[in-house]
Amino acid sequence: MKIIGTDREGNTKEVEGRDGWSVMEILRDNGFDIAAECGGACACATCHVYVTDGWYDKLPAPSDAEIDMLDMALAVEPGSSRLSCQIICSDETDGIKVTVAPE
Amino acid sequence: MTDAPAAANSGNPIETDVAIIGAGPIGLFAVFELGLLDLKCHLIDILDRPGGQCTELYPEKPIYDIPGLPIVTGQELVDRLMEQIKPFDPQFHFGEMATSLEKLDDGRWKLKTDQGTEIIAPVIVIAAGAGSFQPKRPPVPGIETFENAGDGIGVHYAVRKMETFRGKNILIAGGGDSALDWVINLAPLAKTLTLVHHRDGFRAAQHSVNQMRELEAAGKVKFHVASVKALHGEPGKLTGVTLAGADKSEWQHDADVFLPFFGLTIKLGPIAEFGINLHENLIPVDTARFESQTPGIFAIGDINTYTGKLKLILSGFHEAALMAQAAFHIARPNEKLRFQYTTSSSNLQKKLGVN
């Protein structure tokens, strides 16, 4: 399953996701500059990404905890902003497009 | 993070055995291990309370991998560590950032903070996690040119003196408790007060949201689902901003002061300037002493790196124990280190106040 990630400089690369892992973990392990300060606990909003190209609506809706935590993220775009630690890789996310948000 | 810290100490510079940068769980446990060896500690932390990431990021979240504690919250772990180190009377310097480190002629170190505190010690322990918590800066072009403009004007990430904002056109951004608390507190003295947030909903306490809605209904506060796209004025003198609404429409808005409240993020900060060897913002250490490549400066917890490193609290505890042994020989070069167990040593039990 693929993740098509774009970094803050606009460079796009296709990386391999793993079933059950979060998009944050995959991006971080592939060298994307993603702080994820809390380590994936939905507690810091430093793994903020924009989910693009129609993928936002294909994902399970964010939890209330994630919606709350997004209040601490910068440059939130409604209908696109997600915390990547809360997006779990699966067959349904194969080909998902995400862009790392500004920090 | 809203009030200026109290005067840090009397008697500057302070002389002690060990200065610890960072009062997170590992810095706190280091006090215990050093204390058993009769080494006294001063701790510096930019936050206004102990605990570091544990209390700042996840005070209510359970941790399941602390040996012997099947479940413990970040806050509870910190509370227990504070209780555990109490016998050693550690001295805390909260709300202070360690800004410089220099070696003295006698071989000791002098550590200075941004609040003017100076600590002289033969041993420095860096237990700073990923660095220091700093306010998140919105990605608006040129925002840094409006920071530090002076009281009550430009961009501020904290309110220190409310009075300086009297009669101003105030713009606040954010949807958490800080944003709403300052909307409520500054509304009575502002000329105008506007809140912008990306949604018509808030992470803040319900009573704060209710108060904000009442102020809005009374015409004392304006609220827009919008974001700040640009800042206008000259460096140091903000005059207005461009706001963009949910429908991408943009408009101009008068503002003398912009207060963004998006919480804190972690930046390495001045440690990078201490002259210690760093690798990808981490401090390489040996695994016998957890000392950096600069003798006398140790690094424990998330800030260090070595082959096999795991960023776990329990690993940091181990690192603190070994560091303390090595630190003892630097702080007490002429004394013999006696290794003892707390279960059997009446000497250690006396120090702990249990015998």
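Modeller: A:Ala36 is buried, with 21 other C-beta atoms within 10 Å. This is a predicted model.

Colleague: What makes A:Ala36 buried?

Modeller: A residue is called buried at 20 or more other C-beta atoms within 10 Å. A:Ala36 has 21, so the label buried applies. A:Ala36 sits in the loop between helix H1 (23-29) and strand E3 (48-51) of chain A. Its phi is positive, about 45°, although A:Ala36 is not a glycine.

Colleague: Where does B:Asp38 lie, and why is it called partly exposed?

Modeller: B:Asp38 is in the loop between H1 and strand E3 (41-45) of chain B. It has 14 C-beta neighbours inside 10 Å. Exposed needs 12 or fewer and buried needs 20 or more, so a count of 14 falls in between and B:Asp38 is partly exposed. B:Asp38 is a residue other than glycine, yet its phi is positive, near 65°.

Colleague: How do you know that B:Gly142 is exposed?

Modeller: The count for B:Gly142 is 11 other C-beta atoms within 10 Å. The limit for exposed is 12 or fewer, therefore B:Gly142 is exposed. B:Gly142 belongs to the loop between strand E11 (132-135) and strand E12 (154-155) of chain B. Its C-alpha atom is separated by 27 Å from that of B:Phe202, 60 residues apart along the chain.

Colleague: B:Ser292 is also in a loop. Is B:Ser292 buried or exposed, and why?

Modeller: B:Ser292 has 22 other C-beta atoms within 10 Å. Since 20 or more is the condition, B:Ser292 is buried. The loop in question runs between strand E20 (283-284) and strand E21 (297-299) of chain B. Not counting residues up to four places away in sequence, B:Ser292 touches several residues, including B:Ile276, B:Ile283, B:Phe298 and B:Ala299. B:Ser292 and B:Leu278 are 14 residues apart in sequence, and their C-alpha atoms are 9.0 Å apart in space.

Colleague: How do you know that the span of helix H1 of chain B agrees with its number of residues?

Modeller: Helix H1 (residues 25-36) of chain B has 12 residues.

Colleague: What makes H1(B) mostly covered?

Modeller: In H1(B), 12 of its 12 residues are buried. Among them are B:Pro25, B:Phe29, B:Glu33 and B:Leu36. H1(B) is followed by B:Asp38, with its positive phi.

Colleague: Why is the span of helix H5 of chain B said to agree?

Modeller: Helix H5 (residues 206-217) of chain B has 12 residues and should span 16 Å, and its end C-alpha atoms are 16 Å apart, so the two agree. Just after H5(B), B:Gly219 takes a positive phi of about 80°.

Colleague: Which residues have the most contacts inside the largest nonpolar core?

Modeller: That core has 120 residues, and those with the most contacts inside it include B:Val18, B:Ala30, B:Val183 and B:Phe298. Helix H6 (residues 313-331) of chain B gives the largest share, nine residues. At least three residues come from each of domain 1 (14-133 + 266-351) and domain 2 (137-262) of chain B. Another core, of six residues, lies apart from it, with B:Leu47 and B:Leu264 among its members.

Colleague: What is B:Val183 in contact with?

Modeller: Leaving aside neighbours within four places in sequence, B:Val183 is in contact with B:Ile172, B:Leu193, B:Leu195, B:Met212 and B:Val221.

Colleague: How many residues does each chain bring to the contact between A and B?

Modeller: Chain A brings 15 residues and chain B brings 19 residues. By class, the chain A side has 11 nonpolar, one polar and three charged residues.

Colleague: What confidence does the predictor give?

Modeller: For the complex, the ipTM is 0.89 and the pTM is 0.86. Chain B averages a pLDDT of 94, and 97% of the residues score at least 70. Over residues 1-9 of chain B, pLDDT stays under 50.

Note on methods
Residues numbered from 1 in each chain as written. Chains lettered and ligands numbered in written order. Predicted model: local features only at pLDDT ≥ 70, side-chain atom pairs only at ≥ 80, totals over all residues. Contact = placed C-beta atoms within 7 Å. Nonpolar A, V, L, I, M, F, W, Y, C, P; charged D, E, K, R; others polar. Helix = DSSP H or I, 4+ residues; strand = E, 2+ residues; numbered from the N terminus. Core = buried A, V, L, I, M, F, W, Y, C linked by C-beta atoms within 7 Å. Domains from an automatic or database assignment. pLDDT = per-residue confidence, 0-100. Expected span 1.5 Å × (residues − 1).
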